[in-house]
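Hi everyone, thanks for making time this morning.

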Amino acid sequence: MQWTMDFQPLVPIWLATALAVAVAIVAFAGLAARARGAFLRALTGAVLALAVFNPVLLREEREKLPDIAVLVTDRSQSQTIGDRAALTDAAEAELRKQLGTTANLEVRQVEVRSGITSADEGTLAFAALRQALSDIPPERYAGSIMITDGQVHDIPASMEQLGYNGPLHGLITGREGEIDRTIKLTQAPKFGIVGQSQALRFVVEDQGAAQGQPVQITITVDGVVAGTVTAQSGVETEMELDITHGGDNIIELSAAELTGELTTRNNRAIIVTKGIRDRLRVLLISGKPHPGERTWRNLLKADTSVDLVHFTILRPPEKQDGTPINELSLIAFPTRELFVEKLDEFDLIIFDRYERRGVLPITYLANIADYVEKGGAVLVAAGPDYAQATSIYRTPLSAILPAMPTGEVTVGPFKARVTEKGERHPVVRGLPGASKTEPTWGRWFRIIDSEVRNGDIVMAGPEDRPLMVLSRVGEGRVAELMSDHAWLWARGFEGGGPQAEMLRRMAHWLMKEPQLEEEALSGTQTGTQLTIERNTMGEEVDDVTVTLPSGETRTIKLEQAQPGIWRGKLEASEAGLHRLSDGKLEAVAAIGTVDPREATDLFATTEKLQPLAAGTQASARFISGDGTPASMTLPRIAKVNPGRSMAGSGWLGLKANNAYRVLSIGAFPMFATLLALAALLALVSLTWYREGR
C-alpha cells in the first residue's frame, strides 16, 4: 500500500493560481502592517486557496515486479577448444543456480553460435542479447552476464545503443598466456580459368610465440594431397593455384602444428575456387550439306563460350569436274594443321553425317581415336551414311565407337524414348517432355540400326533400337546419336522438343563436367545442414561416412530422391572441411565460411569486453582457476541499488530497480468532507470575531 497526494483544481489552473497570488499579497500586506487579525486572515485565505486547488489523497495498491537479468552463453566454434566447452557448461549451471535463488529476479537465457552459416560475421553475442532484450521493459532490466572467451565481433560502443541501462559482466573462459598458430588468406581467387593458374597469398601467424620460423604447408585439392611448400611465420607467402576442372575446386592449406599451441583447428584455410572454361574449342565435321547441318552450327554459334571450327565437305573426290584449282573459289581447308598439329587443343570433335570419302586420310582418323584414348571427346550424329560401306565405323574409329551398324536403316515415325538406364543418367534424366508412357515431344522419322558393344543406351527408338549411346573409352568419352532428325525438334515440328538442352548436356558430359557425372558423390551446405548427394546408375547405394574437421565421424543413410539420385542430410555442428566416403567414391565439402572471423583469433581475452563493462560499472574477468572445470570458482551474485558500483572482489552486482505494477487506486478529496467544511467555517467565524472586537 502506498499513499500519495495529488491536486485537482475546482477552477482552471490559471484562475486558481491568480487567487492564491492575491491571497498571498493581501496576507503579506496585513502581516507587514501588523494589522489586527492579519494572521487569522492569512490563514483563512490560505485554507480557501487550498480548497480551490482541491487536494486529493491517493492510495495505491502496488505489486512488486521482479527484475530481469539476461544470461548469454557463447557456444561459438572458438568455445569448443580444449576444456572451454566443459568450463562453459559448469559456469552456466552454477550461475543458473545462483540466479535462481536471488530474490525478486527473473532470468532470461540465450545462446550464441557461429561458423556454420555462410555469412562471415563471427560471434554475434550482442545480436543475441538485443533479441533477448526486445520484450524486456527497460525499467526492469537488472543486467547481463556473458560466459564467453571474449572473442565477440559485434560489441557496441555503449549499452545505451541497445536502449538499456544496466551492468554488463563478462566471465571469460580459457586461460591467460596461450599460444596459437593461425593461417590467414590475404588473397584467394573466387573464380579461375580451367587449365590456368591463379595467385594465392597467405600468411602464417604464430601468436604468443616468436615469428619468422619456417612452417611446412600441406596443400590438398579436393581432398587429395597435391604437394607441400615452406613458408615463414609472419611473412606473406605467394603460390600459384592450378584450376584443374570446372565447378568447385576445393583447396585446403594446412600448416604444421606449433608446439604447445592452443588448437590446430585454425591451422587450416579453405579456398573454394569455381573453375570456368574460357573458350570451348569445338571441331564440327559435316560430311555433306543437309537440313540438320545448319541446326548444329546455329546451336554452337549461339553459345558465346564456344570457339567453333566448322569443316564441311562440299566437293568429294567423285565430283571432280576438271576445273583448274586456281579458278575454284573455295579455300583449301588446313586439314593437317587441324588433325595432326592442333588436334589436342580441341575440347570436342563432332562428326555430323560424315562418311569415308578419302578427304581425310586414315592416319588422321587414327589420330582422333588416339585423341579419345588420351582424354578427348567425340560426338557422332549418324545418318544413312553410317550404315553404308563408307561408314566411319569401317575406319580406325571403330576402336572407340560403341555402336556397330547392322547396315539397315529404319524409316518411319517414332518418338524418342528415355530408357530405364536413361532415367538414371544425368544427360537425359528429367528432360522436359520426357514421360514413361508417352513423351510430349515431336516425332522423328529415321534411325540407323546398330548393335551396341559397350556403353549405356540412354535413349531408344522404335522396338527399343538404340538411339543415344554414351560410352567411356580409355580416359576419353564418346557419344553417338543414331539419327540425323534431331533438327526436327529445333524447327518446332509437332511441338518440337528439348534439342538444345539434350545436346548441351551431351557436350558437357563429354567434356567431363562434374555436374553430369553418372557416378558422383558431393556435399553442399543448405542453411545449417550438409546435404549429401550420390549420383549412380545402380539400384542401391552404400551409407556415407562423414569425417568432421575435428576427426569425429558420422554415418549417413541415403534415401532415393529420384531415379539415379540419392540424398541424405547431416546437421552441421562444425565449420571446415568435411570428408565424404561411401567406400567407392570420396568427396569433400566446405561448411561455413572459407575464411571465418571465428578462426582468426582464438585467444581468450578480457580486452574486448572490458571497456563496455567498465562503462556500466561492471567488469570482465577470467573465471579463476587453471582453466578447467574442477578449479572453477565463480563470483557471488548480489542485488545493488542504482548508482553504486556493480562489481567488486568476489562478487557481481545486478541492478535493483524496485519496479512495481499498480493494481488499484483510491482517491480521497481532503476538502470534500463535512469535517473540512466545518474547519473552514470555524476559521471564517474566528476571523470575523477577532475583527469585531
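Let me begin with a question: where is Gly-643 found? Gly-643 sits in the loop that runs between strand 34 (636-640) and strand 35 (647-648). Before I go on, please keep in mind that this is a predicted model. Gly-643 counts as exposed because its relative accessible area is 68%, and the cut-off for exposed is over 50%. If you look for Lys-655, which is 12 residues away along the chain, its C-alpha atom and that of Gly-643 are separated by 9.0 Å.

Now let's go to the start of the chain. Which residues make the nonpolar surface patch of about 470 Å²? They are Trp-3, Met-5, Phe-7, Leu-50 and Leu-57. Strand 1, covering residues 2-7, gives the most to this patch, with three residues. Phe-7 is found in strand 1, and at 42% relative accessibility Phe-7 counts as partly exposed. Here is a general point for anyone who likes to look at strands: in a regular strand the side chains alternate between the two faces of the sheet.

Speaking of sheets, let's turn to one of them. Three strands form an open sheet in the order 7-9-12, and the pairing is antiparallel. Which are the edge strands? They are strand 7 (180-187) and strand 12 (236-242), each of which pairs on one side only. From one strand to the next, the twist averages 30°. If you zoom in on strand 7 and strand 9 (residues 197-207), you will find seven bridges joining them, with the two running antiparallel. To find your way along that pairing, look for Gln-187, which stands opposite Arg-201 in strand 9.

Next, the charged residues. How many salt bridges does the count come to? The count comes to 39 salt bridges, and I'll show you a few of them.

Take Arg-579 and Glu-252, whose side chains meet in a salt bridge at 3.1 Å, N to O. This pair links distant parts of the chain: Arg-579 is in strand 31 (residues 576-581) and Glu-252 is in strand 13 (residues 247-255), 327 residues apart. Is Glu-252 buried or exposed? Glu-252 counts as buried, at 4% relative accessibility, whereas Arg-579 is partly exposed, with a relative accessible area of 32%.

Six bridges join strand 31 to strand 32 (residues 586-591), and the two run antiparallel. Leu-577 stands opposite Ala-590 in strand 32. Strand 31 and strand 32 form a hairpin with four residues between them, and Gly-583 in the turn has a positive phi of about 90°.

Another salt bridge is formed by Glu-517 and Arg-472, with the closest N and O atoms 3.1 Å apart. Glu-517 lies in the loop between helix 9 (499-510) and strand 25 (520-526), and Arg-472 lies in strand 23 (residues 466-473), so the pair ties together parts that are 45 residues apart in sequence. Glu-517 is buried, with a relative accessible area of 14%, while Arg-472 counts as partly exposed at 43% relative accessibility.

Then there is Glu-533 with Arg-567, whose side chains meet in a salt bridge at 2.7 Å, N to O. Glu-533 is in strand 26 and Arg-567 is in strand 30 (residues 565-571), so this pair ties together parts that are 34 residues apart in sequence. Glu-533 counts as partly exposed at 22% relative accessibility, and Arg-567 is partly exposed too, with a relative accessible area of 34%.

Arg-534 is buried, because its relative accessible area of 5% falls under the 20% cut-off. Which side chains does the side chain of Arg-534 contact? Arg-534 makes a polar contact with the side chain of Glu-519 at 2.9 Å, and a polar contact of 2.8 Å joins the side chains of Arg-534 and Asp-582.

One last stop. Arg-75, Asp-89, Glu-92, Glu-111 and Arg-113 are linked in a network of salt bridges.

Key
Residues numbered from 1 in each chain as written. Predicted model: local features only at pLDDT ≥ 70, side-chain atom pairs only at ≥ 80, totals over all residues. Heavy atoms only, no water. Patch = residues over 30% accessible without salt bridge, like charges linked within 9 Å, V, L, I, M, F, W, Y side chains within 5 Å. Areas by Shrake-Rupley, 256 points an atom, 1.4 Å probe, with all protein chains shown as cover. Salt bridge = Lys/Arg side-chain N within 4 Å of Asp/Glu carboxyl O. Buried < 20%, exposed > 50% of the residue type's maximum accessible area, 1.4 Å probe, protein only. Pairing = 2+ DSSP bridges. Axes fitted to C-alpha atoms, helices over the stretch in contact; angles between N-to-C directions. Polar contact = N/O pair within 3.5 Å; in protein donor to acceptor, adjacent residues only side chain to side chain.
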